[in-house]
Amino acid sequence: MIHCYGSNMDVVLGRKVFDEMPMRNNVTWNAMITGYCSQSKKAKDCALGALLLFQDMLVDVCGVKLTDTTMVCFLSTSSQLGVLESGACVHGYIEQTIYMPENDLFFGTGLVDMYSKCGCLDSALSIFRCMRDKNVLTWTIMVTGLAIHGRGKEAIRFLDLMRVCGVKPNAVALTSLFSACCHAGLIEEGLGVFDNMKSNGILSLIYNIMDAWLIFLAGLGT
């Protein structure tokens with residue numbers, strides 16, 4: 001029932017059912033926390049509710065543990081909202097329950113995403129460098145994080161390293177990097193990224209980069 005309410009965006013009724021339960025187990029705790037994390041309305045309030053419930057769970061005498069799915073969901077919510085406190089709290093929990101979470105592709109990528117979007121790039125880079133396996137999503141998150149936080153030259157170095165490692169940059173990574181070059185005035189680098197987009201057929205996304213291209217042309221004095 002808690003899962004049903006959460007899926008139908010009625011987390012208030014779901015919480016009422018949860019609070020009235022005399023006994024709770026792994027399923028009910030995880031369903032309630034996931035329900036909070038999946039809300040699009042009042043997302044920040046729900047993220048806080050998830051964090052407070054998570055803290056209650058840690059002191060619950062029943063020894064309940066978050067499932068892998070719930071932990072990834074919690075990290076995703078923290079990433080989207082930029083709520084560092086909740087993401088860091090879950091990171092600590094993951095480290096206590098999973099030995100070296102950066103060795104897990106999904107947890108590692110989730111942590112890189114969370115710290116990047118919260119602006120903690122040094123933490124994101126530290127986890128990224130410790131990861132044994134990285135996919136195109138992991139690389140894209142790291143390149144995009146560097147780009148949107150004003151570290152364009154470093155993002156370009158990572159883009160080059162991405163190719164060296166045999167991973168083909170996707171549209172998200174290249175458009176984010178192009179936009180960053182435009183705003184930072186990195187003209188030569190921006191032209192290089194633009195040529196890369198042409199060669200990879202990404203200019204079909206012209207509506208997504210038109211504003212950045214106009215800024216770039218203005219920077220050239222065109």
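Which residues in α5 meet which residues in α7? Keep in mind that you're looking at a predicted model. On the α5 side, the contacts come from D68, M71, V72, L75, S78, S79 and Q80. Facing them in α7 are F107, G110, L111, D113, M114 and K117.

Now zoom out to the helices themselves. Helix α5 covers residues 68–81 and helix α7 covers residues 105–117. Their axes come within 8 Å and cross at roughly 20°. That angle is under the 35 degrees cut-off, so α5 counts as roughly parallel to α7. As for handedness, α5 passes α7 in a left-handed crossing.

On to the rings. There are 4 aromatic pairs in the structure. Take F128 and W139: the ring centres are 5.0 Å apart and the planes sit at 85°, so this pair is edge-to-face. The pair ties together distant parts of the chain, with F128 in helix α8 (residues 121–130) and W139 in helix α9 (residues 136–148), 11 residues apart. Bring in F158 as well, and you have one aromatic cluster made of F128, W139 and F158.

Are F128 and W139 buried or exposed? F128 has 3% relative accessibility, so it counts as buried. W139 comes in at 4%, so W139 is buried too.

Elsewhere, look for R24, which lies over the face of F18 at 4.3 Å from the ring centre.

Note on methods
Residues are numbered from 1 along each chain as its sequence is written. This is a predicted model: local features need pLDDT of at least 70, side-chain atom pairs count only at pLDDT 80 or more; totals for chains, interfaces and linings use all residues. Side-chain values use heavy atoms; hydrogens and water are left out. Rings of Phe, Tyr and Trp (its six-membered ring) pair if their centres lie within 6.5 Å; planes under 30 degrees apart count as stacked, over 60 as edge-to-face and the rest as tilted. Helices (H or I, at least four residues) and strands (E, at least two) are DSSP runs, numbered from the N terminus. Buried means under 20% relative accessible area, exposed over 50%, partly exposed in between (1.4 Å probe, protein chains only). A charge sits over a ring if NZ of Lys or CZ of Arg is within 6 Å of the ring centre and within 35 degrees of the ring normal. Axes are lines fitted to C-alpha atoms, for helices over the stretch in contact, and angles run from 0 to 180 degrees between N-to-C directions. Angles under 35 degrees count as roughly parallel, over 145 as roughly antiparallel, 65 to 115 as roughly perpendicular and the rest as oblique. A crossing is left-handed if the near helix is turned anticlockwise from the far one by less than a right angle, and right-handed if clockwise. Contact means heavy atoms within 4.5 Å.
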